[in-house]
Amino acid sequence: MSIIMCLSLISPAANSRAFPSSILFLDMPQKDPCQKQACEIQKCLQANNYMESKCQAVIHELRKCCARYPKGRSLVCSGFEKEEEENLTLKSGSK
């Protein structure tokens, strides 16, 4: 499983007074829609000595969140997307 960083996804320009707020609004990335679930995984792993088997419920919640959004919309889902691509490549190569 990929390591998921639990960080706030706010543009560094958001604190700059050099840009009008209308430009900042257009420049700022949207909050990752699955960030909450990624943070829950981090908390669970830390609380359970990084044993994935004890965090399957929160991992499942992240997968459900990722399935709700188009590919590339959520940075925290990129590990699952890459994993799915690799699985498809392996399956097509084994035929």
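These are my notebook entries on what I looked up in this predicted model.

**Ground rules**

I number residues from 1 along each chain, as its sequence is written, and for side-chain values I use heavy atoms, with hydrogens and water left out. Since the model is predicted, local features need a pLDDT of at least 70 and side-chain atom pairs count only at pLDDT 80 or more, while totals for chains, interfaces and linings use all residues.

**Entry 1: the overall layout**

I started with the elements and found four helices and zero strands in the protein chain. Read from the N terminus, the order is α-α-α-α. Helices here are DSSP runs of H or I with at least four residues, strands are E runs of at least two, and both are numbered from the N terminus.

Next I looked up burial: 25% of the 95 residues are buried. Buried means under 20% relative accessible area, exposed means over 50%, and partly exposed is in between (1.4 Å probe, protein chains only).

The chain exposes about 7,200 Å², with carbon and sulfur atoms supplying 57% of that. Those areas come from the Shrake-Rupley method with a 1.4 Å probe, and for residues only the protein chains shown count as cover.

Then I checked contacts, meaning heavy atoms within 4.5 Å. Of the contacts with a separation of 6 or more, 53% join residues 24 or more positions apart.

**Entry 2: the core**

Which residues touch the most other members of the largest nonpolar core? I got Cys 34, Leu 62, Cys 66 and Val 76, out of 13 residues in that core. Helix 2 (35-47) and helix 3 (56-67) are the elements that give two or more residues to this core. A nonpolar core is a set of buried Ala, Val, Leu, Ile, Met, Phe, Trp, Tyr and Cys residues joined through side-chain atoms within 4.5 Å.

I followed up on Cys 34. Setting aside neighbours within four places in sequence, Cys 34 contacts Leu 62, Cys 65, Cys 66, Tyr 69, Ser 74, Val 76 and Cys 77. I also looked at Lys 64, which sits in helix 3. Lys 64 has 38% relative accessibility, so I put it down as partly exposed.

I tested the length of helix 2. Its 13 residues should span 18 Å at 1.5 Å a residue, and its end C-alpha atoms are 18 Å apart, so the two agree. The expected span is 1.5 Å times one less than the number of residues.

The buried residues in helix 2 include Ile 41, Cys 44 and Leu 45, and also Gln 35, Gln 37 and Gln 42. Helix 3 is part of what covers the buried residues of helix 2.

Asn 49 is exposed because its relative accessible area is 67%, and Tyr 50 is exposed because its value is 52%.

Last, I looked at the second largest pocket, which holds about 160 Å³ of space. Helix 3 and helix 4 (78-93) are the elements giving two or more residues to its lining. Which element gives the largest share of the lining? Helix 4 does, with four residues. The lining includes Arg 63, Tyr 69, Phe 80 and Glu 84.

A pocket, on a 1 Å grid over the protein atoms alone, is an open set of points where a 1.4 Å probe fits, with protein on both sides within 12 Å along at least five of seven lines; lining residues have an atom within 4 Å of a point. Grid points are joined across faces, edges and corners, and the volume is the space filled by probe spheres set on the points.
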